[in-house]
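I opened the notebook to go through one protein structure step by step. The entries below follow the order in which I looked things up.

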Amino acid sequence: MTPTLVKDEPTLEWPVEAGALYTLCMTDPDAPSRKDPKFGEFKHWLVVNIPGLQINKGETLAAYVGSGPPKNTDLHRYVFVVYKQPGIIVHSETPVSNSSTEGRRSFKIRDFAKKYNLGEPIAANFYQAQYDDYVPTLHAQLGVGR
């Protein structure tokens, strides 16, 4: 996939149970590169309390930002994980907009899952992407390099 192709929030599906709530997370464990992942995992998207597949009705803790691997950092993995929640998550997280990197660097979904007793993921997928001409636009939106 290219950053241009994934700049908009995707439509996702996973197996659901009636009445259940879910947590969705997308991270890049290769930030800023696979050789030097000092900022990995970079949180690209985090939504909790999702009823079924209705992501837009969940509570967004990190607004979606697409892939933005820096120039000359080769392929990055972008990983989606979904957890079935044991109930409503009452959290202490500060939501982050799609124009900020605040709280996105050095995120660990495993620590988040442990903190909120999410157990193991019920679904996961990933794609790989590397730099293209859209990345400078995304970095400007996030204030990267200012």
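Which residues does tryptophan 45 touch, not counting residues up to four places away in sequence? I listed Glu9, Pro10, Leu12, Leu24, Cys25, Met26, Ile55, Ala62, Ala63, Tyr64, Phe80 and Arg104; contact means heavy atoms within 4.5 Å.

I noted how the entries were made. This is a predicted model, in which local features need pLDDT of at least 70 and side-chain atom pairs count only at pLDDT 80 or more, while totals for chains, interfaces and linings use all residues. Residues are numbered from 1 along each chain as its sequence is written, and side-chain values use heavy atoms, with hydrogens and water left out.

**Cores.** I then looked up the largest nonpolar core and found 17 residues in it. Those that touch the most other members are Trp14, Leu24, Met26, Trp45, Ile50, Ile55 and Tyr127. S1, S2, S4 and S5 are the elements that give two or more residues to this core. Apart from it lies another core, of 15 residues, including Leu61, Ile89, Ile109 and Tyr116. A nonpolar core is a set of buried Ala, Val, Leu, Ile, Met, Phe, Trp, Tyr and Cys residues joined through side-chain atoms within 4.5 Å. Buried means under 20% relative accessible area, exposed over 50%, and partly exposed in between (1.4 Å probe, protein chains only). In soluble globular proteins, nonpolar side chains tend to be buried together.

**Sheet.** I traced an open sheet of 5 strands in the order S3-S2-S1-S4-S5, with antiparallel pairing. Strand S3 (59-62) and strand S5 (123-129) are the edge strands, and each pairs on one side only. Strands are DSSP runs (E, at least two residues), numbered from the N terminus, and two of them pair if DSSP finds at least two bridges between them. Strand S2 (residues 42-51) and S3 pair over 3 bridges. Valine 48 stands opposite glutamate 59 in S3.

**Backbone.** Which peptide bonds did I note as cis? One runs from alanine 31 to proline 32, and another from glycine 40 to glutamate 41. Proline 32 sits in the loop between strand S1 (21-28) and S2, and glutamate 41 is in the loop between S1 and S2.

Asparagine 49, in strand S2, has a positive phi of about 55°. Asparagine 49 is buried, with a relative accessible area of 13%. Asparagine 72 has a positive phi of about 60° and lies in the loop between S3 and strand S4 (76-84). Asparagine 72 counts as exposed because its relative accessibility is 75%. Most residues other than glycine have a negative phi, and most peptide bonds are trans.

How values were computed
Helix = DSSP H or I, 4+ residues; strand = E, 2+ residues; numbered from the N terminus.
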